[in-house]
Amino acid sequence: MTIQVLDPETGIGDLLALANREHQSAMKSAGTLITHAVAAGEALIAIRERIPQGQWHAWLDENFEGSRKMARDYIRFAFYRDEIAAAT
């Protein structure tokens with residue numbers, strides 16, 4: 001990722017154009033992020049249903065590349081996917 005260093009002399013119009021371009025890119029990326037987060041959550045929910053009672057956290061710690069918090073967040077994305085889809 002390259003972070004653009006802004007010239008202090010850059011005009012407001014150019015800054016606005018940059019801000020709007022970056023906003024559009026962020027919005028497009030957000031849609032992709034949500035799609036992936038929901039898919040990860042659905043997979044984790046399916047896995048959790050197959051892990052013996054009381055072993056979920058240990059399984060996550062040993063196998064999942066993300067943190068427990070990230071797993072919880074992905075599961076929430078999957079759980080609320082219909083509400084998220086309606087809002088986006």
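Is Trp59 buried or partly exposed? Trp59 is partly exposed, because its relative accessible area is 26%, and the class runs between buried (under 20%) and exposed (over 50%), using a 1.4 Å probe and protein chains only.

A word on the model: it is predicted, with local features needing pLDDT of at least 70, side-chain atom pairs counting only at pLDDT 80 or more, and totals for chains, interfaces and linings using all residues. Residues are numbered from 1 along each chain as its sequence is written, and side-chain values use heavy atoms, leaving out hydrogens and water.

Let's turn to the aromatic rings. Rings of Phe, Tyr and Trp (its six-membered ring) pair if their centres lie within 6.5 Å; planes under 30 degrees apart are stacked, over 60 edge-to-face, and the rest tilted. By this rule there are two aromatic pairs. Trp56 and Trp59 are stacked, because their ring planes meet at 5°, with the centres 5.8 Å apart. Both lie in helix H2, three residues apart, or about one turn of the helix; helices here are DSSP runs (H or I, at least four residues), numbered from the N terminus. The other pair, Phe79 and Tyr80, is edge-to-face, with 4.8 Å between centres and 90° between planes.

Here is how accessible some of these residues are:

| Residue | Relative accessible area | Class |
|---|---|---|
| Trp56 | 14% | buried |
| Phe79 | 60% | exposed |
| Tyr80 | 40% | partly exposed |

Finally, Pro52 sits in the loop between helix H1 (12–48) and helix H2 (56–63). Pro52 is partly exposed, at 44% relative accessibility. From Ala26, Pro52 is 26 residues away in sequence and 40 Å away in space, C-alpha to C-alpha.

Notes:
Helices (H or I, at least four residues) and strands (E, at least two) are DSSP runs, numbered from the N terminus.
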